[in-house]
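The following paragraphs lead through a structure from individual residues to the chain as a whole. The sequence and the coordinates should be kept in view throughout.

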Amino acid sequence: MNQRIRLILAAFIALSVIGLLVLILAHYRAKENAGLIIDVEKGVGVEVTGLHYSGTGGQGARWEMDAESARRIKGSELTLIQGIKAVFHSKDGMPYTLTAPAGRLREADGVLEVTGGVVLESDSGERLTTDSMNYSSTRKEITTDAPVTITMRTLKVTGVGLRVDLETGKLRILNSVKAVVNGVVS
């Protein structure tokens, strides 16, 4: 009887291990574009390709970010990101899509810095373009010191520097503001 129980347990363990291996192989085949690289010589702790990241708020998903790749720098809380596309949802549910070629996530500060031709667009046709932009999750604020252009159906505003308070929705362009409304310069 004791030998029969051992045989059954051994068969159960063997089948469990085989099942686990099949699940692992199926998971990695389904995610062929995702990868994980650890390169000691570059000072990179971890490199991930095909990244999808999301954050939630009180009413479910509030933002999502996809990136071609992300590299976590060893010994720091800095992650370098390439090929960024992020979707933020406002309180009223309106999605805003941010695209940028590159960025840096400073986890200790809760700051995402994006650079290299940043575009922020809404589904209603609003579009903001700039060379760089910072998003602070702790201050709930978007900022830049670079030139900005905001375009809407009947309005185009340009200037230098931007502050957006995400709690109140107030947007301020800091310097050299010019606006064109239906072809009228003000």
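**From single residues to the whole chain**

S69 is a residue of strand 3, which spans residues 60–73; strands here are DSSP runs of type E with at least two residues, helices are runs of H or I with at least four residues, and both are numbered from the N terminus. The model is a predicted one, in which local features need pLDDT of at least 70 and side-chain atom pairs count only at pLDDT 80 or more, while totals for chains, interfaces and linings use all residues. Residues are numbered from 1 along each chain as its sequence is written, and side-chain values use heavy atoms, with hydrogens and water left out.

With a relative accessible area of 14%, S69 is buried. The term buried denotes under 20% relative accessible area, exposed denotes over 50%, and partly exposed denotes what lies in between, for a 1.4 Å probe and protein chains only. Apart from neighbours within four places in sequence, S69 is in contact with V48, T49, L80, I81 and Q82, where contact means heavy atoms within 4.5 Å.

Beyond neighbours within four places in sequence, G117 is in contact with T99, A100, P101, T130 and D131. A102 lies 15 residues from G117 along the chain, and their C-alpha atoms are separated by 9.0 Å.

Which backbone angle draws attention at S176? S176 has a positive phi of about 50°, although it is not a glycine. Most residues other than glycine have a negative phi. S176 lies in strand 10, residues 170–181, and is exposed, with a relative accessible area of 56%.

V181 is likewise found in strand 10. At 37% relative accessibility, V181 counts as partly exposed. Leaving out neighbours within four places in sequence, V181 is in contact with T154 and L155. From V181 to T154 the C-alpha distance is 5.8 Å, although 27 residues separate them in sequence.

The view may now be widened to the protein. Its secondary structure amounts to 1 helix and 11 strands, arranged along the sequence as α-β-β-β-β-β-β-β-β-β-β-β. The protein has 186 residues, of which 25% count as buried. Of the contacts between residues at least 6 apart in sequence, 26% join residues at least 24 apart. The protein exposes about 12400 Å², with carbon and sulfur atoms supplying 58% of this area; accessible areas come from the Shrake-Rupley method with a 1.4 Å probe, and for residues only the protein chains shown count as cover.
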